[in-house]
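Hi,

Here is the structure I promised to pass on. Have a look at it first, and then read my notes below.

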Protein chains: 4
Amino acid sequence: MDGIRILITGGTFDKHYDELKGILTFKNSHLPDIIKQVRITIPVELEINQLVDSLEMGDQDRQNILAACTRASEDQIVITHGTDRMVDTAKVLGPAGLNKTIVLTGAMVPYSVAGSDALFNLGCAFTAVQLLPPGVYIAMNGRVFPWDRVRKNYDKGVFESI
Amino acid sequence: MDGIRILITGGTFDKHYDELKGILTFKNSHLPDIIKQVRITIPVELEINQLVDSLEMGDQDRQNILAACTRASEDQIVITHGTDRMVDTAKVLGPAGLNKTIVLTGAMVPYSVAGSDALFNLGCAFTAVQLLPPGVYIAMNGRVFPWDRVRKNYDKGVFESI
Amino acid sequence: MDGIRILITGGTFDKHYDELKGILTFKNSHLPDIIKQVRITIPVELEINQLVDSLEMGDQDRQNILAACTRASEDQIVITHGTDRMVDTAKVLGPAGLNKTIVLTGAMVPYSVAGSDALFNLGCAFTAVQLLPPGVYIAMNGRVFPWDRVRKNYDKGVFESI
Amino acid sequence: MDGIRILITGGTFDKHYDELKGILTFKNSHLPDIIKQVRITIPVELEINQLVDSLEMGDQDRQNILAACTRASEDQIVITHGTDRMVDTAKVLGPAGLNKTIVLTGAMVPYSVAGSDALFNLGCAFTAVQLLPPGVYIAMNGRVFPWDRVRKNYDKGVFESI
């Protein structure tokens, strides 16, 4: 089917400052506002799969992401995801061998915080998902990596090839 | 040569508010700050070719852009450009047949204004330039168009296929 | 009556980027959103008197502002106004001798543009209107000036005592 | 002495997102940038007294703030402070009976996060410190409270009279 599904799972990308508790947490996704802001003309379907910090994702959470990808009617899927466990989720999606192009992305700085990389990364993922053949990829730091040749360098806060 | 050249020509993307004159104009490019903000790990060469509103671009200005593309040592070039005459510049670059991948992008709302699409569009262009074969393209509204099959719809403020 | 009236007249404070025309103009006031954002607990009444660039204000426009101040049930009135003719409007309001505290303020950079002084200036005016005796004042650049002892220095873009 | 001293103690106002650790913490103060942004024309002296979350302030930290106020050559002092223990610090400064005007302020949302109240609150404090007689005050939510007649309502996240 035409169009792109954006599967929202939370992560730094969507973190929101709770002023009563004084912490960064999740409330709603910013994606509906972002889609308007960036003036996308391709049909986009937003789906909130979960809103969690990826450090707290368990096996079942990853299976829920896989299930959502499987059941999606679109052939092109962008997943917003926490960066700390993005590679782990990619390793669940990759071997599943769905005949779809799936691109995970995220942010090092939340969309709602000054100096965020969220919009840039989303642009990268949104373009990669349209141009790449079926498979599972990670789009971060202006690069696109196949799911099985990437790791996060936690010291530098960037993704790199392996 | 490895790496990506970003050729800066101005446009809405880089407009800056001059508080003494009370108008949007050009001062410096925001691209050096943006490159840091989005945490790109690929070598990037920034080149300010001109800082103008594309409505004021003449033939010579377009030739200057073509000359910069020709002389660039990189095979991948992103051009930030005003949206109003982006297609016109693409029509100068396309027929030149350089053996490089060139992607023009811009913004409907300046980077320095709330609700800007600049970072998203830059992410789209930055990814397209790495994934597409040699040719000249426009990346806007989350889509990538070949230079000779795109127009700006001025009423809607979006780019569309022709 | 208790509470503070904010009389909105436009000016740089409220300018909005029109992405179709590529110009800064007026659409709606940002004040309703701002009032929520800054978590004011005092009753506030917002009134849009006009939405214009103060360079385009005529005598009748100033009379409309005076009329709104006269008819307001509140004794404390903040007026958001373009900086270029703020002093001129103050010179209409001051001699009218209303038994109210009226503070004009504005912005050198629109609220919707990065690096805006709008929120700071509004905070200054909002506090001055509560602490000062009846009279007409201008709050800009972190200072509060009586209406008849202030001018805008157009070269420096700041207000100063005369 | 003429001029206003801004004593920086940290708090939500100055929190910064650490993208490697994924937490809000302190790095540098944003006040130097803010002072430029809001175009203040009064001489301002910035002093970083400490950069802490006020929940972690101890008695000695409060004595350090008092000492800084005592030794300041200015008669007007604004203190940026965490909101959770702002009243506690005010209760140390108030009884000290310095012959200076001291205004504490802070933010519910950090300056670096979208939707911040920091600039507005700073404007309130900056104006209050110039208009009020010697004493210790808290400027929050668009109101100015004497130090001994205010509390933070933690459920609502606002300051109120007692």
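**The sheet in chain A**

A:Tyr137 stands opposite A:Pro146, which belongs to strand 8 of chain A. This is a predicted model, where local features need pLDDT of at least 70 and side-chain atom pairs count only at pLDDT 80 or more, while totals for chains, interfaces and linings use all residues. Residues are numbered from 1 along each chain as its sequence is written, chains are lettered from A and ligands numbered from 1 in the order in which they are written, and side-chain values use heavy atoms, with hydrogens and water left out.

Strand 7 (residues 135-140) and strand 8 of chain A run antiparallel, paired over four bridges. (Strands are DSSP runs of E, at least two residues, and helices runs of H or I, at least four, numbered from the N terminus; two strands pair if DSSP finds at least two bridges between them.) Six strands of chain A make an open, mixed sheet in the order 4-1-5-6-7-8. Strand 4 (44-52) and strand 8 (143-146) of chain A each have a single partner strand, so one side of each has no neighbour in the sheet.

**Where the chains meet**

Chain B and chain A each put 28 residues into the contact (heavy atoms within 4.5 Å). About 2,400 Å² is buried between them, 64% of it from carbon and sulfur atoms; buried area is the accessible area (1.4 Å probe) that two parts lose on being put together, summed over both. In chain B, B:Arg39, B:Phe120 and B:Leu131 lose the most area to chain A, together 27% of what that side buries.

Cheers
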